[in-house]
Amino acid sequence: MSGADLAQGCVFCDALAEGRESPLVVYRGKTSYILLNLYPYNNGHLMIVPTRHVASLGETSVDERAELMELTRLAELVLGEAYRPHGMNVGINMGRAGGAGIVDHVHVHVVPRWEGDTNFMTSVGESRVLPESLEQTVERLKPVFARLAGGNLKAGAS
Ligand SMILES: [Zn+2]
């Protein structure tokens, strides 16, 4: 990956900066990586991000799109094992009007969901959101990624 593919001041590009990779990064693939959302909607809220600074799926290569979906699948498997959620949301917000917090670097959200958390956006001030710290989430998820990544990615590719 060349420096030209990264954009200065972009939180996703900065997360991979040489020598100070973000502690929120839980898995690195060839063209994409997975990191925790700094402001999670729920415990285990992950984002799958192409390493290259691209704003939309329209700008991604075939390889990048393929790995985005592989890593989305991996995130589903890891979160399923680590958190046993009742359901999940997988989605991409594009543009301010689409709800994107970071508009110029496309990313896929994977959010574990539990029965009764449906009003999570309004419950942040109450005690219903599980009080797991980001550090605890990283500790919980990294070993599961390490264990499931190789075999499942290979199985998915065959
Ligand atoms: Zn970027």
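Colleague: Why is S3 described as largely enclosed by the rest of the structure?

Modeller: In this predicted model, 5 of the 5 residues of S3 are buried, so the strand is largely enclosed by the rest of the structure.

Colleague: Which residues point one way from S3, and which point the other way?

Modeller: In a regular strand, side chains alternate between the two faces of the sheet. Here Leu46, Ile48 and Pro50 point one way from S3, while Met47 and Val49 point the other way, and all of them are buried.

Colleague: Which strands pair with S3, and over how many bridges?

Modeller: S2 is joined to S3 by 5 bridges, the two strands running antiparallel, and within this pairing Leu35 stands opposite Met47. S5 also pairs with S3 in the antiparallel sense, over 3 bridges, and there Val110 is the bridge partner of Leu46.

Colleague: What does Leu46 touch, leaving aside residues up to four places away in sequence?

Modeller: With those neighbours left out, Leu46 touches Ile34, Leu36, Ala75, Leu79 and Val110.

Colleague: Which residues of the largest nonpolar core touch the most other members?

Modeller: In soluble globular proteins, nonpolar side chains tend to be buried together. The largest nonpolar core in this model has 23 residues, and those touching the most other members are Ile34, Leu35, Leu46, Ile48, Leu71, Ala75 and Val110. At least two residues of this core are supplied by each of strand S1 (25–28), strand S2 (32–36), strand S3 (46–50), helix H2 (62–83) and strand S5 (108–113), with H2 giving the largest share, 7 residues.

Technical notes: Residues are numbered from 1 along each chain as its sequence is written. This is a predicted model: local features need pLDDT of at least 70, side-chain atom pairs count only at pLDDT 80 or more; totals for chains, interfaces and linings use all residues. A nonpolar core is a set of buried Ala, Val, Leu, Ile, Met, Phe, Trp, Tyr and Cys residues joined through C-beta atoms within 7 Å. A residue is buried if 20 or more other C-beta atoms lie within 10 Å of its own, exposed if 12 or fewer, and partly exposed in between; C-beta atoms are placed from the backbone. Helices (H or I, at least four residues) and strands (E, at least two) are DSSP runs, numbered from the N terminus. Two residues are in contact if their C-beta atoms, placed from the backbone, lie within 7 Å. Two strands pair if DSSP finds at least two bridges between them.
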